[in-house]
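Here's a quick walk through the fold and its ring contacts. Have a look at the model first, then read on.

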Amino acid sequence: MPLTVEERQEFLAQPHVAAFSVAAGTGRGPLTVPIWYQYRPGGEIWILTGPESQKMRYLRETGRFGLMVQRVEPTVRYVSVEGSVTRIAPMTDELHREMAARYLPAETVDAYLKAAEAYGEQVAVFLRPEHWLSADLGNVSEV
């Protein structure tokens with residue numbers, strides 16, 4: 001059963017690890033990798049990546065990407081969203097902290113941020129959701 005606009009936005013706002021997908025060129029399937037993301041209902045989605053990463057090279061070529069998040073309990077539910085890149089900005093300490101705090105226990109955020117310095121420069125890539133797919137497929141253990 002499809003989710004309402006409010007249900008899909010609220011589900012996407014939860015800290016799921018997303019499957020990030022971007023077209024990888026003629027004769028190839030999309031590049032699909034797990035990624036952290038940030039989203040607030042009604043707003044843009046943003047991710048962090050290296051400015052010279054494979055993801056970023058494909059994003060520059062296509063200008064679009066998609067994310068899919070799912071859960072399997074208490075019911076099987078997913079949200080898939082796709083759209084155009086609206087902007088690319090240098091990652092700030094505030095953005096990095098916000099992303100880390102979304103996924104990690106508070107007591108580990110500072111250590112993570114310190115260790116993440118080894119990843120080097122990052123950029124924030126923003127997307128305005130244009131196309132959504134979503135469903136709650138119910139409790140599959142009862143099928």
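## Sheet, helix and rings

In UniProt, an unreviewed entry puts the feature "domain: Pyridoxamine 5'-phosphate oxidase N-terminal" at residues 6-114. Keep in mind that this is a predicted model. In that span, 31% is helix and 37% is strand, and the end C-alpha atoms sit 36 Å apart.

Now for the sheet. Seven strands make up an open sheet with antiparallel pairing, in the order E2-E1-E5-E6-E7-E4-E3. Strand E2 (31-35) and strand E3 (38-39) are at the edges with a single partner strand each, so one side of each has no neighbour in the sheet. Helix H3 (residues 93-103) packs on the sheet and touches E3, strand E4 (45-49), E6 and strand E7 (123-138). The direction of H3 makes about 105° with that of E4. Strands E5 (residues 64-71) and E6 (residues 76-90) run antiparallel and are joined by eight bridges; glycine 66, for one, has glutamate 82 in E6 as its bridge partner.

On to the rings: there are five aromatic pairs in the structure. Two of them look like this:

| Pair | Geometry | Centre to centre | Angle between planes |
|---|---|---|---|
| Phenylalanine 20 and phenylalanine 65 | tilted | 5.2 Å | 35° |
| Tyrosine 39 and tryptophan 132 | edge-to-face | 6.3 Å | 65° |

Phenylalanine 20 is in strand E1 (residues 18-22) and phenylalanine 65 in strand E5, so their pair ties together parts 45 residues apart in sequence. Tyrosine 39 in strand E3 and tryptophan 132 in strand E7 are 93 residues apart. Phenylalanine 20 and phenylalanine 65 are both buried, and so are tyrosine 39 and tryptophan 132.

Charges meet rings too: arginine 87 lies over the face of phenylalanine 126, 3.6 Å from the ring centre.

Notes. Residues numbered from 1 in each chain as written. Predicted model: local features only at pLDDT ≥ 70, side-chain atom pairs only at ≥ 80, totals over all residues. Heavy atoms only, no water. Pairing = 2+ DSSP bridges. Helix = DSSP H or I, 4+ residues; strand = E, 2+ residues; numbered from the N terminus. Contact = heavy atoms within 4.5 Å. Axes fitted to C-alpha atoms, helices over the stretch in contact; angles between N-to-C directions. UniProt positions renumbered as here; feature names shortened; annotations may be inferred. Phe/Tyr/Trp six-rings, centres within 6.5 Å; stacked < 30°, edge-to-face > 60°. Buried < 20%, exposed > 50% of the residue type's maximum accessible area, 1.4 Å probe, protein only. Lys NZ or Arg CZ within 6 Å of the ring centre and 35° of its normal.
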